[in-house]
Amino acid sequence: MHDHIRNNPKFHELVTKRTSFAWTLTAIMLIIYFGFILLIAYGKAFLGTSLSGGTTTIGFPIGVAVILSAIVLTGIYVRRANGEFDELNRQIIEESR
Amino acid sequence: MKMLKTAFAAATLAAGGLMAATTTALAAGADMGAAEKQATNWHAIVMFVIFVGITLGITYWAARKNKTAADFYAAGGGITGFQNGLAIAGDYMSAASFLGISALVYGSGFDGLIFSVGWLVGWPIILFLIAERLRNLGKFTFADVASYRLAQGPVRIFAATGALIVVIFYLIGQMVGAGQLIKLLFGLDYMIAVVVVGALMMIYVTFGGMTATTWVQIIKACLLLGGATFIALGVMSHFGFSFEALFTKAVEVHPKHGAIMAPGSLVTNPVDAISLGLTLMFGTAGLPHILMRFFTVPNAKEARKSVFYATGFIGYFYILTFIIGFGAITLVATDPQYIDAAKGGLALKGGGNMPAIWLAHAIGGDMFLGFISAVAFATILAVVSGLTLAGASAISHDLYANVFARGRTTEASEVRVSKMASLGLGVIAVILGIIFERQNVAFIVALTFSIAASATFPVLVMAMFSKNLTTRGAVIGGYIGLIGSVGCVILSKVVWVQSFGFADPIFPFVYPTLFTMPAAFIGCWLFSALDNSPRAQAERAAYPAQAIRSETGLGAEGAASH
């Protein structure tokens, strides 16, 4: 049964697609987070700029956006993994029987 | 600045679950005398007793349901993704993140956001790289996964050592935090808190196992999210749901004025900043009690859903703590009844951890103050229960059943060992909680999260993704990360200078992760590549079969129920 799966092109498709998707999203999260950290270290003045003339500064929507990006990225991954990838996975297991 | 230091020190005390510390903060040290005993708060005590009554009822129900090892370690694998997401949030949101972050925002505004964000961004990484593979390969502990195709003995001993160091120090942080909180919130003695927390966690874990622990965490998460939502709504309704109005008022009354709207001096040194970021992000992904939660769901699909829900709840919670911090600036700092007149300025009665608590009073009166105090204390119980179960499973499932007895044991005796280990860990936690009452515990955050990021996480990722990993590589690489991170934390300012009293730290940074995590990865890779023993060849040959189970879940379905 293992050989059957290993030789199934769909298995390679699943592993390649899901792994590259996961690492791409990981890279996006790392860039967003470390970008934020570096902005805090080097861009204090920018983050302190007033948003549309009021007291609220640009830093707040950016910080909240980083939090929301974490939630959105997990949502994107779960949607595709539990849909498209699990369907492919189901076919692979079906065909190995 | 003094305010900020106090907030950090108090926050660091309030739980090991907390990572709120940078160079400045850790350099400030933990002032153990910070929590002054307050008048006895009967509302809080009554509500806490109700919480305990309900959770003990659940423990009784869970104990009758618990029959197999899978029931005990993994709640029979029958928790849904949504329930597990709540339980993870309950396991992860500590009293420190509630009281500590809102106190940090109260003291310095924007800087609080830096920590909220750091606390959250590890979750997507757990989802993308770890969660489903962990579920597919493992049974009860993350060592199941690390040792899946490697030699059981050495890999499990390494994994259990790392897990136990993290669990024990994390427990110390929680115990000391519980002791300080009970003085503040209930007006009772330190000792009472340590003994009550120790006794309750032993009961939950020993009798109720993972089922009871999960429900304690779910209830706590609902209470904490509900309470924080109520406070935040109270604040926002006060300002007509306008953030601009809230911020304008805060800038007007805060002594730092406009400076609270931009980053301050928390993050300046880029090496420390990046190392802190790595520690927060990857430390979360290597905590044994967090990883263990993924064995309670039936399959990879639910494991993924649990991370999505957990990330949503935790992210939402951090946004609330932010509103609470600003709410406290506008509604608490302006009201003389909460201000410590002797110290003046922003200083509150009861010390640096109090902004969220006094804000609860300002919004909901005595009853609500009691409710929030009880929730803050219940929060600690949920965290220590998860920790104790993770520590006990490292002892019984990894060390006893798979190393000492080499797999030749019965499920019943393994569970019995686990229950004895829970009792043992409870006693140790109480004793250490008492010993550490007046010790500096600021190092705990750096220590536990650095070990998780530098030892557990690299070995787990390599075991899942590297077909060349061998036992020798995993063990040497893992110990490089473990010994390196423990050593660097000891030689850094928090221990070397603040606990041992030397003039200068030997390791110049607060968090070693920037160096120790890559060192562990390189160690795993290099010593695997150099390993050409027959065992190593067999281990490499076993990777394709592991990959099939790890990627498709084939063979994993029944893992939790044998």
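Helices here are DSSP runs of H or I, at least four residues long, numbered from the N terminus. With that in hand, welcome to a few close-up views of a predicted model.

**View 1. Two spans of chain A carry a "transmembrane region" label in UniProt.** The unreviewed UniProt entry lists residues 21-43 and 58-78 of chain A under this name. In the model, residues 21-43 of chain A are 96% helix and 0% strand, and the C-alpha atoms at the two ends of the span lie 31 Å apart. For residues 58-78 of chain A, the end-to-end C-alpha distance is 30 Å, with 95% helix and 0% strand.

**View 2. Chain B meets chain A.** Here 40 residues of chain A and 44 residues of chain B take part in the contact. On the chain B side, at least two residues each come from helices H7 (111-120), H8 (122-137), H12 (243-253), H13 (270-284), H15 (300-331) and H23 (543-552). H15(B) contributes the most to this side, namely 10 residues.

**View 3. Helices H10 and H11 of chain B cross.** The axes of H10(B) (residues 152-186) and H11(B) (residues 190-238) come within 7 Å, at a crossing angle of roughly 130 degrees. H10(B) is therefore oblique to H11(B). The crossing is right-handed. From H10(B), the contact includes B:Met175, B:Ala178 and B:Leu181, while B:Tyr190, B:Ile192 and B:Val197 are among the residues from H11(B). In the contact of H10(B) with H11(B), 9 residues are nonpolar, 1 is polar and 1 is charged.

**View 4. H11 of chain B also packs on H16 of chain B.** For H11(B) and H16(B) (residues 355-404), the axes are 6 Å apart and the angle is about 145 degrees. This time the crossing is left-handed. The contact of H11(B) with H16(B) is made up of 23 nonpolar, 8 polar and 1 charged residues.

**View 5. A closer look at B:Thr59.** You will find B:Thr59 in helix H3 (residues 42-65) of chain B. B:Thr59 counts as buried because 25 other C-beta atoms lie within 10 Å, and the cut-off for buried is 20 or more. Leaving aside residues up to four places away in sequence, B:Thr59 touches B:Ile203, B:Tyr204, B:Phe207, B:Gly208 and B:Ala212. B:Gly209 is 150 residues from B:Thr59 in sequence, yet their C-alpha atoms are 8.2 Å apart in space.

Key:
Residues numbered from 1 in each chain as written. Chains lettered and ligands numbered in written order. Predicted model: local features only at pLDDT ≥ 70, side-chain atom pairs only at ≥ 80, totals over all residues. Contact = placed C-beta atoms within 7 Å. Axes fitted to C-alpha atoms, helices over the stretch in contact; angles between N-to-C directions. Parallel < 35°, antiparallel > 145°, perpendicular 65-115°, else oblique. Left-handed = near helix turned anticlockwise from the far one by under 90°. Nonpolar A, V, L, I, M, F, W, Y, C, P; charged D, E, K, R; others polar. UniProt positions renumbered as here; feature names shortened; annotations may be inferred. Buried ≥ 20, exposed ≤ 12 C-beta atoms within 10 Å, placed from the backbone.
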